[in-house]
Amino acid sequence: MRILSRFKAAVSFYIYKMEDVSRVCVDFMASAFGCQDNRSGSLADSSDGHEAVSGLSFRGFVAHVIRESHSHECVPFAALFLLRRLKTYHPDRNGSSGRRLFMAAFVVAEKIVDDKARGNASWSDVGQQVFSADEISTLEVALCLVLKG
């Protein structure tokens with residue numbers, strides 16, 4: 001029980017530190033792509049199979065990625081810009097996995113903003129090993145191809 005309470009405290013800390021930015025990201029993704037956050041406060045849900053692995057709600061995952069990436073403040077908003085562009089060019093697309101969409105957009109945005117961006121293996125660590133380096137690479141390439149038209 002003690003470990004669980006520490007874990008919950010750590011989750012609260014992560015969400016608190018990045019609450020405003022993560023809320024903007026999650027709210028945007030919910031309105032544009034229908035991606036849902038587990039707002040009940042529960043630590044895990046199973047809408048795309050990745051929540052149980054990371055132990056965080058979607059908003060918690062977004063806050064964790066933003067915080068642990070140590071990226072420039074504009075990167076989450078650049079990621080949202082890319083996702084808005086995706087929705088503009090492909091209005092029929094909906095996101096069954098908000099984590100996949102966010103991670104792909106965040107990695108691409110980071111690589112646009114920072115010439116010395118980290119490799120995909122490092123992104124896998126930032127994302128709590130929810131996605132492998134190969135999967136992140138695939139997500140990144142897929143997003144770029146869809147945005148290219």
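Author: Fine. One place to begin is Ser124, found in helix H7, residues 120-126. Keep in mind that this is a predicted model.

Reader: Is Ser124 buried or exposed?

Author: Ser124 is buried, because its relative accessible area is 4% and the cut-off for buried is under 20%.

Reader: Which residues does Ser124 touch, leaving out those up to four places away in sequence?

Author: Ser124 touches Gln129, Phe131, Ser132, Ala133 and Ile136.

Reader: Where is Gln129?

Author: Gln129 lies in the loop between H7 and H8. Gln128 is found in that loop too.

Reader: Change of topic. How many helices and strands are there?

Author: The protein has eight helices and zero strands. Along the sequence the pattern reads α-α-α-α-α-α-α-α.

Reader: Helix packing, then. At what angle do H5 and H8 pack?

Author: Helix H5, residues 75-89, and helix H8, residues 133-148, pack at about 50°, and their axes are 9 Å apart. Two packed helices are described by that pair of values, the angle between the axes and the distance between them.

Reader: What do you call that arrangement of H5 and H8?

Author: Oblique: the angle is about 50°, so H5 and H8 are oblique to each other. The crossing of H5 past H8 is left-handed.

Reader: Which residues meet there, between H5 and H8?

Author: From H5 there are Leu82, Arg85, Leu86 and Tyr89, and they meet Leu143, Val146 and Leu147 in H8. Sorted by class, the contact has six nonpolar residues, one charged residue and no polar ones.

Reader: Back to confidence. What is the average pLDDT of the protein?

Author: The average pLDDT is 79, and 74% of the residues score at least 70.

Reader: Where is confidence highest, and where is it lowest?

Author: Confidence is highest in H5, at 93, and lowest in helix H3, residues 51-54, at a mean of 48.

Reader: Over which residues does pLDDT stay under 50?

Author: Residues 39-53. The model has 28 contacts for residues 39-53 beyond four places in sequence. Where pLDDT is low, the predicted coordinates should not be read in detail.

Reader: Noted. What about Arg67, where does that sit?

Author: Arg67 is in helix H4, residues 58-69. Arg67 is partly exposed, with a relative accessible area of 24%.

Reader: How far apart are Arg67 and Val126?

Author: In sequence, Arg67 and Val126 are 59 residues apart; in space, their C-alpha atoms are 9.0 Å apart.

Reader: For the whole protein, what share of contacts join residues at least 24 apart?

Author: Among contacts between residues at least 6 apart in sequence, 73% join residues at least 24 apart.

Reader: Last one. What percentage of the 149 residues is buried?

Author: Buried residues make up 44% of them. Ser124 is one of the buried residues.

Terms used: Residues numbered from 1 in each chain as written. Predicted model: local features only at pLDDT ≥ 70, side-chain atom pairs only at ≥ 80, totals over all residues. Heavy atoms only, no water. Axes fitted to C-alpha atoms, helices over the stretch in contact; angles between N-to-C directions. Helix = DSSP H or I, 4+ residues; strand = E, 2+ residues; numbered from the N terminus. Parallel < 35°, antiparallel > 145°, perpendicular 65-115°, else oblique. Left-handed = near helix turned anticlockwise from the far one by under 90°. Contact = heavy atoms within 4.5 Å. Nonpolar A, V, L, I, M, F, W, Y, C, P; charged D, E, K, R; others polar. Buried < 20%, exposed > 50% of the residue type's maximum accessible area, 1.4 Å probe, protein only. pLDDT = per-residue confidence, 0-100.
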